[in-house]
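Hello,

Please find the structure below, handed over for your use. My notes on it follow.

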Amino acid sequence: MLHDMPKELRTLGADIRALRKARGLTLVDLAASLGRSVGWLSQIERDISSPSVDDLRDLAQVLDVSVSSLFRVAAAAGEEGRIVRRDARRPLGSRKAGLVEALLSPDLTDDFEMVHSTFEAGATLPETVTRPTQEVAYILSGRLDVWIGGTCYHLRPGDSFRIKGEPYRWANPYSTTCEAIWVIAPPVY
C-alpha cells in the first residue's frame, strides 16, 4: 500500500501517468507496448504496486525518458511535493548530445513542468522538432541561437522566448555553456 512505500516512490505512479498522458497514450496503449496487463499498469500508476528495475527500464524506453528521471532523492520532512533542493534535482536526459536537463518541479503532476537546461559549448539540435506544447524559456547565462518557425534568434542572458507548438531547433555555437530555465505545458518528460 501507499503508506508502506518509501517516500521517494510515493509519486512514481503519478509521474508515469503524467508522462503517459503527455504522450497521448491510453492505459491500453502503454500496457500493450510493454507487453503487460492494463491492471498491472493501473496498479503502478496508483502506487499500489512497485515496478521492478527491468519494468522501469521498459517504461523509460517506451515513454522516451531516462531511467534516472524516474528515480527521486527523498525530500526533507515537510518539503515533499513542494521543495526541490539543488542536490535533489532529477536528471531528465533529453538524449541530445550536449544538453543536460534537470527537473526543477517537484514532480510531473502539474499542468506544466519547469526544467533547468545546460547547453554545452558546440551543442546543437540539428533537426527541427515540433511538439504539442507551449514553452517559455529564460536565458540565465551564455548565449543560444534558437530557430522558431524558420527564423533565427540570437539570445543572451536576460532574454526569453516562447514556442507555441511551432517547429524549432537550437544551437550553442559559442565557446561557453548556456544555462536556461524552461517552462513546458503540458509536461513532456
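Of the 189 residues in the protein chain, 40% count as buried; buried means under 20% relative accessible area, exposed over 50%, and partly exposed in between, with a 1.4 Å probe and protein chains only. The accessible surface of the chain comes to about 9,900 Å², and 52% of that belongs to carbon and sulfur atoms. Accessible areas come from the Shrake-Rupley method with a 1.4 Å probe, and for residues only the protein chains shown count as cover.

This is a predicted model, in which local features need pLDDT of at least 70 and side-chain atom pairs count only at pLDDT 80 or more, while totals for chains, interfaces and linings use all residues. Residues are numbered from 1 along each chain as its sequence is written, and side-chain values use heavy atoms, with hydrogens and water left out.

Overall layout

The protein chain has four helices and nine strands. Both are DSSP runs numbered from the N terminus: helices are H or I with at least four residues, strands are E with at least two. Along the sequence the pattern is α-α-α-α-β-β-β-β-β-β-β-β-β. Among contacts with a separation of 6 or more, 63% are between residues 24 or more positions apart; a contact means heavy atoms within 4.5 Å.

A three-stranded sheet

Three strands form an open sheet in the order β6-β5-β8, with antiparallel pairing. Two strands pair if DSSP finds at least two bridges between them. Strands β6 (151-155) and β8 are at the edges with a single partner strand each, so one side of each has no neighbour in the sheet. On average, neighbouring strands here are turned by 20° against each other, direction ignored. The axes behind such angles are lines fitted to C-alpha atoms, for helices over the stretch in contact, and angles run from 0 to 180 degrees between N-to-C directions. Strand β5 (residues 144-148) pairs with β8 over four bridges in the antiparallel sense. The bridge partner of D145 in β8 is A171.

Aromatic rings

A search of the whole structure finds three aromatic pairs. Rings of Phe, Tyr and Trp (its six-membered ring) pair if their centres lie within 6.5 Å; planes under 30 degrees apart count as stacked, over 60 as edge-to-face and the rest as tilted. The ring centres of F161 and W182 are 5.4 Å apart and the planes stand at 85°, so this pair is edge-to-face. F161 is in strand β7 (residues 160-164) and W182 in strand β9 (residues 178-185), so the pair ties together parts that are 21 residues apart in sequence. F161 is buried at 9% relative accessibility, and W182 is buried at 6%.

W182 also pairs with Y168: this pair is tilted, with 6.5 Å centre to centre and 45° between the planes. Y168 belongs to strand β8 (residues 168-171) and W182 to β9, so parts 14 residues apart in sequence are tied together. Y168 is buried, at 6% relative accessibility.

Charges over rings

R36 lies over the face of W40, 4.0 Å from the ring centre. R169 lies over the face of W147, at 3.8 Å from the ring centre. A charge sits over a ring if NZ of Lys or CZ of Arg is within 6 Å of the ring centre and within 35 degrees of the ring normal.

One further residue

T118 is in strand β3 (residues 113-119) and is buried, with a relative accessible area of 16%. Not counting residues up to four places away in sequence, T118 touches G98, L99, V100, T177, C178 and E179.

Regards
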